[in-house]
Amino acid sequence: MQPRIVIVDDHPLMCMAVRLVLEREGYDIVAECHTGADCVQTVRTLEPDLVVLDLSIPKLDGFSVIDRLRSSTIKTNILILTSSDSNHYAFRCLQAGASGFVRKDDKLEELTRAVKAVLAGYSYFQKEVTDQLRENAFITARKTTTTNPSELSLLTDRELTVFGLLVKGMNNQEIGNTLMLSHKTVSTYKIRLMSKLNAPNMVELVKIAQRNDIATT
């Protein structure tokens with residue numbers, strides 16, 4: 001019996017491309033979802049072997065989906081396939097419980113390698129990401145603060161998600177619609193981000209994003 005996979009992306013063409021690649025490898029694509037809410041319900045119903053998940057999806061972002069699936073009894077593997085190409089996102093996904101992270105601008109062969117690795121029980125992250133995890137564990141064990149944390153390490157997963165959408169040019173209403181938040185809540189996140197990152201305006205937020213390899217387009 002071939003492994004059963006659910007694809008989650010709000011772009012139908014991307015879903016189609018991923019489906020074609022994975023079906024060519026013999027995998028069974030049992031569903032496609034375009035929102036985070038649909039993904040959670042579909043995975044709970046079908047209990048697939050693997051979810052190929054984008055981070056920037058409406059009605060529950062990718063981090064929220066990971067959290068909900070990992071807090072359930074479902075043992076489905078999660079492989080992130082996203083345009084959020086910073087190692088900060090990959091590291092957060094690893095911490096949250098994802099099994100792998102692939103960028104959309106990587107070659108399609110990278111996706112198939114990642115799927116095979118994750119289904120075989122391995123994690124699939126760049127070496128810099130796993131090195132960072134080991135370094136953080138070492139620092140925690142030593143209880144030392146000799147290493148300066150990155151600016152973005154101050155942010156929660158939700159704050160990092162809002163930050164990424166803000167620097168891409170989305171306004172509060174658009175972010176609210178994407179993440180199922182009120183306009184007022186998004187505004188609160190924006191104020192909190194500026195405070196934590198010591199950024200007085202959007203120009204400085206964009207500079208911080210560029211400094212940390214967060215896509216701004």
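This is a predicted model: local features need pLDDT of at least 70, side-chain atom pairs count only at pLDDT 80 or more; totals for chains, interfaces and linings use all residues.

Helices (H or I, at least four residues) and strands (E, at least two) are DSSP runs, numbered from the N terminus, and two strands pair if DSSP finds at least two bridges between them.

**Reading the model**

- Residues are numbered from 1 along each chain as its sequence is written.
- Local features need pLDDT of at least 70, side-chain atom pairs count only at pLDDT 80 or more, totals for chains, interfaces and linings use all residues, and side-chain values use heavy atoms, without hydrogens and water.

**Strand β4 and its neighbours**

- In strand β4 (residues 77-82), 5 of the 6 residues are buried, meaning under 20% relative accessible area, while exposed is over 50% and partly exposed lies in between (1.4 Å probe, protein chains only).
- Strand β3 (residues 50-53) runs parallel to β4 and is joined to β4 by 4 bridges; here V52 stands opposite L79.
- Strand β5 (residues 100-103) also pairs with β4 in the parallel sense, over 4 bridges, and G100 is the bridge partner of L79 in β5.

**Strands β1 and β2**

- Strand β1 (residues 4-8) and β2 run parallel, joined by 5 bridges, with R4 opposite D28.

**A loop residue**

- N198 sits in the loop between α9 (183-196) and α10 (202-211), and counts as exposed because its relative accessibility is 69%.
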